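Me: I would like to learn how to read this structure. Please take me through it feature by feature.

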Amino acid sequence: MAMKFSENADRMDARYVAGLARMALSDAEAAQLQGQLDDILAFIGELKQLDVSGVEATDVATEARNAWREDVPEAGLARDVALANAPLARHEQFAVPKVIE
Amino acid sequence: MSDYVPSIGLEVHVQLKTRTKMFCACPAHEEGTPNVAVCPVCLGLPGALPTMNREAIRKTVKVGLMIGSEISLRSTFDRKNYFYPDMPKNFQISQQAAPLCIGGSVEIEVGGQKKTIRVNHIHQEEDAAKITHLENSSEIDYNRASTPLMELVTEPDMSSPDEAIAFLTALKEMLVYAGISDCNLELGHVRCDVNSSVRPAGTDKLGVKCEIKNMNTFKGIHRALEYELERQMETLRAGGKLTQETRRWDDVAGVTLPMRSKEYAHDYRYFPEPDLPPVTLDAATVEAWRAELPELPAAKRARFIRDYGLPEYDAGVLTADPAIAGYFEATAQKSQNFKAVSNWVMGELLRALGEKGETIADAKIAPEALAALIALVDAKTINMPAAKEVFQILFDRGGEPAAIVKEKGLAQVSDTGAIDGFAEQAIAANEKVAAEFRGGKEAALMFLVGQVMKLSRGKANPQLAADALRRKLQG
Ligand SMILES: [Zn+2]
């Protein structure tokens with residue numbers, strides 16, 4: 001299966017990516033981010049020039065394997081502590097602006 | 001449906017039966033009180049690191065083993081990015097590049113036709129939180145966030161709504177059998193995305209695919225597919241064009257509707273999950289997990305037919321629930337009369353359990369007791385109505401059938417002297433019916449047998465009663 005993240009990586013549209021993240025960008029912000037994205041991808045482009053034919057491909061940088069945990073429950077956060085972080089809480093739940101019409 | 005051929009594929013999400021969540025030690029399956037099973041990991045707080053639930057991995061691998069998948073000895077997690085408050089990290093940890101189980105298949109049968117449905121892969125992932133939309137806000141309960149899910153993706157091998165339901169039924173049966181999931185649809189343990197397309201008959205290339213998201217009842221899936229396939233065919237017949245899109249099923253209106261792109265972003269920007277190292281399994285572990293697998297329903301059905309000489313129908317009913325199948329086998333081991341055991345389990349036992357809303361685990365009647373009861377009937381010590389009475393007592397409070405027969409005085413009267421007396425009384429009280437029998441109306445005898453049973457308070461051996469009556473009427 002192909003890695004989707006590497007598709008069309010030569011160019012990344014800042015407004016499109018911001019749209020996926022539900023971010024509104026001013027024209028100035030969009031221009032600034034687009035410049036930064038272009039610089040990052042240009043650098044990736046430079047890395048692509050390197051000869052890595054003798055290097056085995058990997059998807060992890062560490063030797064670690066299997067961050068296992070046995071299936072034994074532990075107490076997490078008390079609800080009032082968890083909800084204390086919420087910008088808005090109602091009915092013991094996290095409340096957000098309505099997300100469907 | 002002859003000018004177009006449907007192709008249906010399913011993406012089945014199943015909540016695994018584990019004690020804890022997929023990537024943290026919070027209790028899983030916490031229903032009711034909201035936000036009581038949460039921690040920094042499943043709330044997506046900055047800096048929190050996921051850890052893998054080994055039991056969830058084991059269960060998903062076992063599903064792969066059951067359907068003949070190739071088990072990946074090395075698999076990896078990826079981030080599926082999307083922005084919706086039910087996913088507090090703004091991504092779901094899933095598997096995209098290297099899932100846990102590759103390939104496999106499930107056998108189905110529809111209208112006597114067997115068919116193999118290929119599975120593309122099964123991957124491990126986490127569930128989203130529960131979101132409730134109110135008038136002016138949406139409220140979120142993160143108890144469900146990060147509940148272990150397996151997602152099984154089929155090839156588009158099903159060609160009718162019936163086949164899709166047969167697939168889901170077969171899969172569900174397997175998962176319940178092996179203790180992978182309770183598959184309680186009301187609790188949302190099983191949710192499906194349903195892909196469908198139609199193509200002109202006689203062509204090979206699949207048509208334009210439409211996906212119906214987030215279906216959670218089998219009945220709904222059947223109705224949605226019936227509607228959707230018809231809609232696609234009607235569109236093409238009218239010369240229209242279909243566009244690849246995501247739709248949702250409106251159960252009340254009975255239609256599928258296109259989803260707004262806002263509700264569902266297609267671009268998930270998958271990339272490798274940097275916080276989780278790869279999952280590596282060794283072949284010995286996988287083989288040990290394979291050894292834990294129970295006998296699967298289809299194999300059990302075949303064995304019941306072969307070893308106990310049961311009709312296919314009986315084997316199907318008895319094996320539908322592994323606990324019932326186990327009870328049948330425990331009873332059959334103590335009995336000579338397998339068909340009678342089957343009849344009692346399918347009939348009286350399932351009826352009595354249903355009436356009380358109990359499961360076989362609650363039943364007070366021991367398999368030995370049921371076997372002994374059947375032996376008493378076969379030895380003609382008690383007749384069927386008496387046996388049913390004894391059964392009810394055994395079911396309600398347990399005990400030994402022979403002792404109950406004695407205590408209640410239910411033993412059949414096989415004393416011919418006593419039966420002769422009842423027969424004479426029955427004839428004397430029903431001269432008209434007796435005359436009808438003598439005149440050649442064979443059915444009249446059954447009425448008289450009934451009278452003898454009544455006079456004996458149900459204890460007469462009906463065969464002996466019939467013999468006695470016949471003797472007296474014809475003699
Ligand atoms: Zn947690």
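Reply: Start with burial. Buried means under 20% relative accessible area, exposed over 50%, and partly exposed in between, with a 1.4 Å probe and protein chains only. By that cut-off Ala426(B) is buried, because its relative accessible area is 1%. A caution on what you see: this is a predicted model, where local features need pLDDT of at least 70, side-chain atom pairs count only at pLDDT 80 or more, and totals for chains, interfaces and linings use all residues. Residues are numbered from 1 along each chain as its sequence is written, chains are lettered from A and ligands numbered from 1 in the order written, and side-chain values use heavy atoms, without hydrogens and water.

Me: Where does Ala426(B) lie, and which residues is Ala426(B) in contact with, leaving aside neighbours within four places in sequence?

Reply: Helices (H or I, at least four residues) and strands (E, at least two) are DSSP runs, numbered from the N terminus. Ala426(B) lies in helix H12 of chain B, residues 416-429. Contact means heavy atoms within 4.5 Å. Leaving aside neighbours within four places in sequence, Ala426(B) contacts Leu448(B), Gln451(B), Val452(B) and Leu455(B). Ala426(B) and Met453(B) are 27 residues apart in sequence, and their C-alpha atoms are 9.7 Å apart.

Me: Which domains does chain B have?

Reply: Domain bounds come from an automatic or database domain assignment. For chain B, that assignment gives domain 1 (4-288), domain 2 (295-408) and domain 3 (416-474). The C-alpha centres of domain 2 and domain 3 of chain B lie 32 Å apart.

Me: How do I check a helix? What should helix H2 of chain A span?

Reply: The expected span is 1.5 Å times one less than the number of residues. H2(A), residues 27-49, has 23 residues, so it should span 33 Å; its end C-alpha atoms are 33 Å apart, which agrees. Ala30(A), Gln34(A), Leu37(A) and Leu41(A) are buried in H2(A). The buried residues of H2(A) pack against helix H1 (14-20) of chain A.

Me: Now the metal. Which residues coordinate the zinc ion?

Reply: Donors are N, O and S atoms within 2.8 Å of the metal (3.2 Å for Na, K and Ca); water is not among the atoms, so sites may look incomplete. Here the SG atoms of Cys24(B), Cys26(B), Cys39(B) and Cys42(B) coordinate the zinc ion at 2.3 to 2.4 Å. Their spacing along the chain is C-x1-C-x12-C-x2-C. Cys26(B) is buried at 2% relative accessible area, and Cys42(B) is buried at 4%.

Me: Why is the arrangement called tetrahedral?

Reply: Four donors count as tetrahedral if all angles lie between 85 and 135 degrees; four count as square planar and six as octahedral if opposite donors are over 155 degrees apart and all others between 65 and 115; anything else is irregular. The 4 donor atoms around the zinc ion subtend angles of 99 to 115 degrees, so the arrangement is tetrahedral.

Me: Last, the sheet. In what order do the 4 strands come?

Reply: Two strands pair if DSSP finds at least two bridges between them. The order in this open sheet is S2(A)-S3(A)-S11(B)-S10(B), with antiparallel pairing. S2 of chain A and S10 (130-133) of chain B stand at the edges, each with a single partner strand, so one side of each has no neighbour in the sheet. Phe94(A) has Ile140(B) as its bridge partner in S11(B).
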